[in-house]
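Reader: I am new to this structure and would like to go through it with you, one question at a time.

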Amino acid sequence: MTTERKRAIITISATLIIGIAIGTLASGLWTRKHYTERISRGRAEMRRGFERKLFEAVDADQQQIKAIQPIMKATMAQVDSLQSKTDREVRLLLDSLDLKMKSVLREDQYVKFKSFVSKGRDSNRHNRRMHSRGNHN
């Protein structure tokens, strides 16, 4: 094989690898952005829905609504802060549980444990999604 041919093959291979790497990174960044925005929109919709239901429940007039909205906004900011803090703590506790269980269980039992835990998390997410859409079945 001539040196020109080797150089061409190396160039084409490098271009392919770089293209795959760029595509993978771009896809990952787009996906992260998409889901972050989707979660933010979902939370904002939940807040608006909660506020709307609250105003309907107490039969608030426009003056009361203007007074209540800043209170709700401040309270929800505190709730979000507390929730993100406790979410981090829960993740740490679950990681600790995982390590402790791994030291006690046999490998086949540990695999079953991981499967059981992941099913529980998935069903909880599914239930939250279903209930947030108004489907209570």
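Reader: Is Val90 buried, exposed or partly exposed, and what is its relative accessible area?

Author: This is a predicted model, in which local features need pLDDT of at least 70 and side-chain atom pairs count only at pLDDT 80 or more, while totals for chains, interfaces and linings use all residues. Residues are numbered from 1 along each chain as its sequence is written, and side-chain values use heavy atoms, with hydrogens and water left out. Buried means under 20% relative accessible area and exposed over 50%, with partly exposed in between (1.4 Å probe, protein chains only). Val90 therefore counts as partly exposed, with a relative accessible area of 41%.

Reader: In which helix does Val90 lie?

Author: Helices are DSSP runs (H or I, at least four residues), whereas strands (E) need at least two, and both are numbered from the N terminus. The protein has 3 helices and 0 strands, and the one that holds Val90, covering residues 62-104, is H2.

Reader: Which residues of H2 are buried?

Author: Of the 137 residues of the protein, 7% count as buried. Within H2, the buried residues are Ile65, Met72, Met76 and Asp98.
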